[in-house]
Amino acid sequence: LKDQWEIDPEELILGQEIGSGQFGLVLEGKWKDRKVAVKMVREECMSDEDFKEEAKVMMRLSHSKLVQLYGVCTQRSPTCLVFEYMESGCLSEYLREKKGNLSLDLMMGMCLDVSEGMAYLESSNFIHRDLAARNCLVSKNNEVKVSDFGMTRFVLDDQYTSSQGSKFPVKWSAPEVIKYSKFSSKSDVWSFGVLMWEIYNEGRLPYENRSNTEVVESLNAGLRLLKPRLAPDSVYLLMEWCWKEKPEDRPSFALLLHELAALSDL
Ligand code: ADP
């Protein structure tokens with residue numbers, strides 16, 4: 001019997017390049033009459049053996065607000081990861097392109113989508129570790145889905161994985177992650193607050209003109225990102241709740257989903 005996560009190279013048709021990421025090129029493709037996105041993994045970028053084990057776990061994660069991993073093609077070199085195709089690309093780009101034309105309803109809908117996907121991950125005891133607008137993707141009907149969950153664990157680049165490294169996402173990271181690498185669903189909640197801030201700032205980068213060191217200093221001094229001009233007070237209150245110093249003082253995703261749903265009914 002063949003491994004369920006193994007994709008037959010004969011059934012995978014590769015198309016043109018659509019992007020490039022931490023692990024290498026991303027191509028569009030076709031698999032069993034479905035449009036897919038294929039990540040070609042450069043060997044020197046990923047701890048392959050660890051990932052193959054984890055892929056089994058990741059494939060069991062299935063939710064309408066998560067970008068689905070369909071399978072892995074290890075019989076081909078380089079190894080290919082085959083994902084659900086998302087027509088409108090990554091959320092940060094999407095926000096910047098639509099700047100000035102995003103309705104409050106649409107922005108609230110995006111927050112709700114992500115909180116739903118994250119509430120599912122939380123209930124599955126799965127930590128994302130790198131939640132940000134650049135790691136969410138948009139479907140053709142403006143639906144936002146969470147992508148790249150757990151993948152940073154397989155990156156072989158100290159600059160990216162060490163909190164001291166130049167590529168570490170300090171501006172999205174909770175204090176306990178920066179200080180002790182203590183990841184949890186509550187550190188994901190901190191990142192979600194920053195993601196909400198990105199949405200309501202139409203794709204602006206947080207702490208635009210500040211270095212990572214300066215950001216850490218101002219967080220230690222108790223300062224936080226300012227209220228986006230487009231964010232209602234009620235939404236900014238949720239962001240501030242996500243940025244409580246102590247993880248246990250932050251809401252869970254289940255609670256955030258509940259609070260956002262209540263706001264979106266107003
Ligand atoms: P990595 O996380 O490995 O660094 P990304 O996930 O950022 O790489 O992928 C790079 C780019 O490829 C994205 O910005 C996006 O434009 C495109 N891409 C990635 N996954 C998909 C997908 N599932 N559907 C459509 N486009 C995708």
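## A buried serine

S185 counts as buried, because 22 C-beta neighbours lie inside 10 Å. Buried means that 20 or more other C-beta atoms lie within 10 Å of the residue's own; 12 or fewer means exposed, and in between is partly exposed, with C-beta atoms placed from the backbone. This is a predicted model: local features need pLDDT of at least 70, side-chain atom pairs count only at pLDDT 80 or more, and totals for chains, interfaces and linings use all residues. Residues are numbered from 1 along each chain as its sequence is written.

S185 lies in helix α6, residues 185-200. Helices (H or I, at least four residues) and strands (E, at least two) are DSSP runs, numbered from the N terminus. Leaving out residues up to four places away in sequence, S185 touches E122, I127, S252 and F253. Touching, or contact, means that two C-beta atoms, placed from the backbone, lie within 7 Å. P251 is 66 residues from S185 along the chain, and their C-alpha atoms are separated by 10.0 Å.

## The whole protein

The protein has nine helices and seven strands. Its radius of gyration is 18 Å, close to the 18 Å that the globule rule gives for 266 residues, so the protein is as compact as a globular protein of that length. That radius is taken over C-alpha atoms, and the rule is 2.2 Å times the number of residues to the power 0.38.

The C-alpha atoms fill a box of roughly 55 × 40 × 35 Å, taken along the principal axes. Of the 266 residues, 37% count as buried. Take the contacts between residues at least 6 apart in sequence: 63% of them join residues at least 24 apart.

## Around the ligand

Of the 19 residues around the ligand, G19, G21, Q22, V26 and A37 come nearest. Strands β1 (12-21), β3 and β5 (80-84) each give two or more residues to this shell. The largest share, four residues, comes from β1.

The shell divides into ten nonpolar, six polar and three charged residues. Ala, Val, Leu, Ile, Met, Phe, Trp, Tyr, Cys and Pro count as nonpolar; Asp, Glu, Lys and Arg as charged; the others, Gly among them, as polar.

## An annotated lysine

An unreviewed UniProt entry places the feature "binding site" at K39. UniProt positions follow the numbering used here, feature names are shortened, and annotations may be inferred rather than shown by experiment.

K39 lies in strand β3, residues 34-40. K39 is buried, with 25 other C-beta atoms within 10 Å. Not counting residues up to four places away in sequence, K39 touches G21, F23, G24, V26, C80, L81 and F83.

How values were computed:
A residue is near a molecule or strand if its C-beta atom, placed from the backbone, lies within 6 Å of it.
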